[in-house]
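Student: Could you walk me through reading a few features of a model?

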Amino acid sequence: MLGGAAFLADSVLTPAVSISSAVEGLKTLPALEHLFTENKDLTMMITAVIIVILFAVQSRGTESIGKVFGSVVMVWFAFLAIVGVVAIGNDWSVLAALNPYYGIKFLFSPNNATGLALMGTVFLSTTGAEALYADMGHFGRKPIARAWFLLVLPALVLNYFGQGAWMLNHWDDTAYNHMHGLNPFFEMMTPSVRYVAVLLSVCAGVIASQALITGAYTMVSEATRLNWMPHLQVRYPARTRGQLYIPVVNAVLCVSTLLVLAMFRDSEHISAAYGLALTVTMITTTILLAVYIWHDGKRVGAVVFTVVFLAIQFLFFFASMAKFLHGGWFTMLLTLAILLIMYTWNEGTKLERAQRRHMQPADCVPVQIGRASCRERV
C-alpha cells in the first residue's frame with residue numbers, strides 16, 4: 001500500500017517536473033529570451049497547456065503515438081551522448097569523477113555547505129531508472145539490461161561529464177555568477193543546438209510522463225482487484241494488450257498535476273518534492289524483494305541485500321527529508337492521503353465481508369412471495 005501510494009504521488013509529480021524543466025529551456029533561446037524576461041509566468045503557462053493536452057488525449061489511447069516512442073527515446077539518448085562529448089572537448093580531466101574518492105572527500109569537506117542534503121541532489125540523477133525495471137514485465141530482462149548498459153547509462157554519464165566540464169571552465173565567469181536558475185544542460189550547447197535540445201527534451205518529458213500515467217492506471221486497477229481502491233470504470237481505448245484508461249484517475253491526476261505546478265511554479269522547487277516520493281517507492285521495493293529472497297530459502301543473501309541497499313536508500317531518504325519544508329511536505333501529505341484511502345477501503349471491505357459471513361437467516365425480515373429472498377437482499 002505504501003509503495004503504491006508513493007508511486008501514485010510520483011505519477012502526479014513526474015509530469016510537472018519533467019515537462020516544466022524541458023520548457024524552461026526556452027529561456028535560453030536568444031530569439032525568445034525577451035519574451036520570458038517580460039513574462040515570468042510564461043513557462044508555467046506553456047507547461048500547463050502541454051499537461052492539459054497530454055491528459056486530454058489519454059481517452060483515445062496511445063497505440064498510434066506509442067509506436068514512435070522508442071525511436072524518439074533512442075534519438076534523445078544519442079543526442080545526450082553527443083552533446084556531452086562535444087562539451088568535454090579535450091578536457092578529459094573530468095573523467096576523474098569516476099573515482100568515488102573525490103565524491104566522498106567533497107561530501108565531508110568543509111567546502112560542502114549543504115552537508116548530507118547534497119545527497120538529495122545526487123539522488124535526482126538516478127531517477128528514471130526505476131521506470132526501466134518497471135517495464136521488465138513487458139520486455140523481459142535482457143532487452144532492459146542491454147538498453148541500460150549499451151545506451152542509457154553511457155549517454156547519461158557522458159552528458160553529466162559534459163556539464164561538469166562546462167562548469168569547470170565557467171565557474172569564474174561573471175556572466176553566470178548571478179544568473180538565477182542556471183541550467184548547465186542547455187548552457188553548454190551553442191544557441192543553434194538548443195532549439196533541437198528543447199524540442200527533444202519536451203518530447204522526452206512527455207514520454208516519461210506518459211509512462212507514469214499508464215503505470216498509475218495499472219496500479220489503480222490492481223489495487224481495485226485487491227479491494228484497496230473503489231471500483232472505478234475501466235476502459236480499454238486501444239487494441240494494445242493491457243492498455244487501460246480510467247477516467248476518474250485521469251481527471252484526478254490532471255487536476256493534481258496542475259495544482260502542483262501552480263504551487264511550486266518551476267522545476268527547481270518541484271524537484272524538492274519529487275525526490276522524496278521516489279525514495280519511498282525504492283525502499284518499499286527493496287523490502288518486498290528482500291522478503292521474496294528470504295522465503296526463497298536464501299536467508300543470508302536476503303539479509304546482506306537488505307542491509308546494503310536499505311543503507312544507501314535511507315541515506316537518500318534522510319537527505320531528501322532536508323527539503324521537507326521546501327516541497328517534501330506535499331509529497332508526504334499526498335502519499336499519506338492515498339495510503340489512507342487504500343487502508344480505509346481495505347478495512348471497510350473486510351468489515352463488510354465479516355458482516356455477510358455472520359449474517360444469520362433469522363436476522364432477515366420475513367418477505368412476501370414474489371419479493372427478493374433473504375440471501376438476495378443481504
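This is a predicted model: local features need pLDDT of at least 70, side-chain atom pairs count only at pLDDT 80 or more; totals for chains, interfaces and linings use all residues.

Student: At roughly what angle do the axes of α1 and α13 cross?

Tutor: Axes are lines fitted to C-alpha atoms, for helices over the stretch in contact, with angles from 0 to 180 degrees between N-to-C directions. Helices here are DSSP runs (H or I, at least four residues). For α1 (residues 2–23) and α13 (residues 191–225), the axes come within 8 Å and cross at roughly 165 degrees. The two are therefore roughly antiparallel (angles over 145 degrees).

Student: Which residues of α1 and α13 meet?

Tutor: Contact means heavy atoms within 4.5 Å. Among them are G4, F7 and L8 in α1, and V198, S201 and V202 in α13.

Student: Is S320 buried or exposed?

Tutor: Buried means under 20% relative accessible area (1.4 Å probe, protein chains only). S320 has 3% relative accessibility, so S320 counts as buried. This serine lies in helix α16 (residues 299–321). Beyond neighbours within four places in sequence, S320 contacts G120, G275, L276 and T279.

Student: Which residues in the largest nonpolar core touch the most other members?

Tutor: A nonpolar core is a set of buried Ala, Val, Leu, Ile, Met, Phe, Trp, Tyr and Cys residues joined through side-chain atoms within 4.5 Å. Here, of 68 residues in the largest core, they are L13, W76, V260 and I270. A second, separate core of six residues includes V280, I283, L310 and F317.

Technical notes: Residues are numbered from 1 along each chain as its sequence is written. Side-chain values use heavy atoms; hydrogens and water are left out. Buried means under 20% relative accessible area, exposed over 50%, partly exposed in between (1.4 Å probe, protein chains only). Angles under 35 degrees count as roughly parallel, over 145 as roughly antiparallel, 65 to 115 as roughly perpendicular and the rest as oblique.
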